[in-house]
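Here is a short briefing for a first look. Keep the sequence and the 3D view side by side while reading.

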Amino acid sequence: MLLLMVWAVMAAVIWRGIEALEWSIPESVIEPAPPVTELHPTVLAKKNELVAETRKIGITIMITDGFRSHEEQNIIYEQGRTAIGQIVTNARGGESYHNYGLAIDFALRLADGSVIWDLEHDGNGNGKSDWMEVVGIAKGLGFTWGGDWDRFPDYPHLQMDFGYSIRELQRGKRPSVDEQADS
Ligand SMILES: [Zn+2]
């Protein structure tokens with residue numbers, strides 16, 4: 001009987017301890033995530049591979065965008081809304097994979113130095129669209145393509161989400177730096 005009472009008191013003490021611990025978690029564990037300021041190392045490596053692999057088949061690409069700060073994202077969000085120009089994005093700061101260093105945009109660069117966003121162009125003359133050849137190689141490297149999105153397809157856009165939703169990223173979740181592409 002005494003043993004049982006001792007046990008009950010101890011259990012109560014331990015339970016309180018657990019409760020206290022849980023209450024303290026929001027401050028100690030859910031810290032604001034360190035700000036992202038550059039491309040994720042895997043995205044950066046795969047971006048470089050994409051440039052090299054496409055060059056081998058006679059296509060020169062230009063990476064027009066990579067990491068974007070929240071401020072930069074908000075500026076392009078206003079384009080076509082409160083600022084002049086055409087609408088180029090539906091994502092505000094924090095709502096784009098670019099803001100977490102997980103996306104790049106590309107365009108085709110021609111021999112004369114001009115940059116084009118032409119999905120039909122066949123500069124290497126192999127009867128296939130250069131744009132779609134780039135997309136095919138990018139997918140092989142583990143990127144998903146914005147052109148596959150039913151709502152607001154984004155043809156220059158390539159990203160690696162590593163299984164994280166924008167909502168999770170907004171809450172401070174981050175893929176680890178050694179996360180690998182799932183190609
Ligand atoms: Zn993009």
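This is a predicted model: local features need pLDDT of at least 70, side-chain atom pairs count only at pLDDT 80 or more; totals for chains, interfaces and linings use all residues.

Residues are numbered from 1 along each chain as its sequence is written.

**Overall make-up**

- The protein holds five helices and five strands. Helices (H or I, at least four residues) and strands (E, at least two) are DSSP runs, numbered from the N terminus.
- The order from the N terminus is α-α-β-α-β-β-α-β-β-α.
- Of 183 residues, 21% count as buried. Buried means 20 or more other C-beta atoms within 10 Å of a residue's own; exposed means 12 or fewer; partly exposed lies in between; C-beta atoms are placed from the backbone.
- Among contacts with a separation of 6 or more, 58% link residues 24 or more positions apart. A contact means C-beta atoms, placed from the backbone, within 7 Å.

**Strand pairing**

- β1 (residues 61-65) and β2 run antiparallel, joined by four bridges. Strands pair if DSSP finds at least two bridges between them.
- Within that pairing, Ile61 has Leu108 of β2 as its bridge partner.
- β2 also pairs with β5 (residues 157-159), antiparallel, over three bridges. Here Ile104 stands opposite Leu158.
- β2 and β3 are antiparallel too, with two bridges. Leu108 faces Ile116 of β3.
- Five residues lie between the strands in the β2 and β3 hairpin, where Gly113 has a positive phi near 90 degrees.

**Helix α2**

- α2 has 16 residues and spans 23 Å from first C-alpha to last, close to the 22 Å expected at 1.5 Å a residue. The expected span is 1.5 Å times one less than the number of residues.
- Its buried residues are Thr42, Val43, Lys46, Lys47, Leu50 and Thr54. They sit on the same side of α2 because they cover an arc of only 135 degrees around the axis. The arc is that of the directions from the helix axis to the C-beta atoms.
- An α-helix has 3.6 residues a turn, so residues three or four places apart point the same way.
- Asn48, Ala52, Arg55 and Lys56 are exposed on the other side of α2.
- The cover over the buried residues of α2 includes β1, β2 and α4.
- Gly58 follows α2 and has a positive phi, near 80 degrees.

**Helix α4**

- Asp130, Trp131, Val134, Val135 and Ala138 are the buried residues of α4. Their arc is only 140 degrees around the axis, which puts them on the same side of α4.
- Their cover includes α2, β1, β2, β4 (144-145) and β5.
- Just after α4, Gly142 takes a positive phi of about 105 degrees.

**The largest nonpolar core**

- This core has 21 residues, and Leu102, Val134, Ala138 and Leu158 touch the most other members. Two or more residues each come from α2 (41-56), β2 (103-109) and α4 (130-140).
- A nonpolar core is a set of buried Ala, Val, Leu, Ile, Met, Phe, Trp, Tyr and Cys residues joined through C-beta atoms within 7 Å.
- Not counting residues up to four places away in sequence, Leu102 touches His40, Val43, Tyr97, Gln159, Met160 and Asp161.

**A loop residue**

- Asn126 lies in the loop between β3 (115-116) and α4. Asn126 counts as exposed because it has 12 C-beta neighbours inside 10 Å.
- Asn126 and Ile57 are 69 residues apart along the chain, with 9.4 Å between their C-alpha atoms.

How values were computed: Two residues are in contact if their C-beta atoms, placed from the backbone, lie within 7 Å.
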